[in-house]
Amino acid sequence: MSTAWIITSGKGGVGKSTFTACIALTMAREGRKVCIVDGDVGLRDQDALLGLENRIVFDLLDVAEGHCRLEQALISPENEPRLSLLPASQFARAKELRPGAFRRILVRLKQLYDVVLIDSPAGIERSLRGLLNEEINECLILSTPDDVCIRNAERTAGVLEQKGMPRPRLVVNRLDEALIRGGEMYAAATVAATLDLELLGEIPDDSFVYRATLTHQSLMDIDCEARSALHRIAHRMLDVPGTAPLPGYGTGTLPWYRRLFQPILKEVKRIDR
Ligand SMILES: Nc1ncnc2c1ncn2[C@@H]1O[C@H](COP(=O)(O)OP(=O)(O)O)[C@@H](O)[C@H]1O
Ligand SMILES: [Mg+2]
């Protein structure tokens with residue numbers, strides 16, 4: 001059975017595209033057939049992250065509008081035959097993608113791949129809504145541990161709920177253990193409790209993420225803390241037995257503003273390792 005995940009966030013720049021590329025690569029290297037759909041129409045990041053900029057011939061909109069067959073638009077990085085990308089259209093506007101056409105593309109992709117990862121725009125942008133349909137099995141919200149991002153993540157969770165999507169799971173990105181210890185940054189558990197979402201994982205802020213981009217390397221080829229965290233999250237997404245479980249959240253009933261102003265948890269939580 002194939003699983004389609006949509007990866008979204010409250011606001012832009014929280015690490016969705018980086019996260020999606022790294023998770024896809026991990027899953028593909030472990031034998032799954034994986035397809036990334038770059039749903040951030042107009043921005044187009046995934047081809048650069050996967051080193052595929054010069055390989056794009058057709059894109060998502062071309063497939064949606066019947067200008068080409070799906071298979072003609074799918075491209076794979078060298079040496080990663082199990083990983084494919086359906087690129088975004090760089091100059092198109094998101095509203096040009098018809099929801100019905102997108103749903104039909106997902107049906108096809110789920111026949112061809114074990115996992116489909118949709119790198120989507122932030123939830124506060126209307127374009128996210130057009131990507132939501134009943135072919136999506138899992139929703140993931142990525143958030144950084146700051147108030148603005150948490151508040152927008154709450155709104156995004158609301159959009160997903162309104163559209164009848166499965167309850168999203170949460171990954172908190174760019175955590176700094178020293179700041180958390182000093183009570184200056186929310187721990188991932190606090191963000192999860194605030195949003196009342198199940199925590200799927202937490203990723204440290206890691207300068208290797210930047211270095212990887214600079215040297216055109218995949219982060220998953222560099223031995224660093226962020227890679228280890230992403231590895232474990234990929235396993236949790238695949239339900240690999242033996243993956244360290246995280247504490248469960250998602251049962252509270254407090255309104256978001258009450259949860260937001262709970263005192264910061266000062267307990268020192270090691271970052272997902
Ligand atoms: N864990 C991390 N540590 C350090 N930098 C990160 C981390 N995750 C993402 N980044 C950086 O944040 C920026 C935005 O990431 P990106 O994946 O493009 O976000 P989005 O797709 O949500 O807009 C990029 O420069 C990326 O390298
Ligand atoms: Mg992006």
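Guide: Welcome! Buried means under 20% relative accessible area, exposed means over 50%, and partly exposed lies in between, using a 1.4 Å probe on protein chains only. This is a predicted model, in which local features need pLDDT of at least 70 and side-chain atom pairs count only at pLDDT 80 or more, while totals for chains, interfaces and linings use all residues. Side-chain values use heavy atoms, without hydrogens and water.

Visitor: Why is Glu80 called buried?
Guide: Glu80 has 13% relative accessibility, and the limit for buried is under 20%, so Glu80 counts as buried.

Visitor: What makes the contact of Arg29 and Glu80 a salt bridge?
Guide: A salt bridge needs a side-chain nitrogen of Lys or Arg within 4 Å of a carboxyl oxygen of Asp or Glu. For Arg29 and Glu80 the N to O distance is 2.9 Å, so the pair meets the rule. Arg29 lies in helix 1 and Glu80 in the loop between helix 4 and strand 3, so the bridge ties together parts 51 residues apart in sequence. Helices (H or I, at least four residues) and strands (E, at least two) are DSSP runs, numbered from the N terminus.

Visitor: Which residues are linked with Arg29 in a network of salt bridges?
Guide: Glu80 and Asp221 are linked with Arg29 in that network.

Visitor: How many salt bridges does the rule give?
Guide: The count comes to eleven.

How values were computed
Residues numbered from 1 in each chain as written. Chains lettered and ligands numbered in written order.
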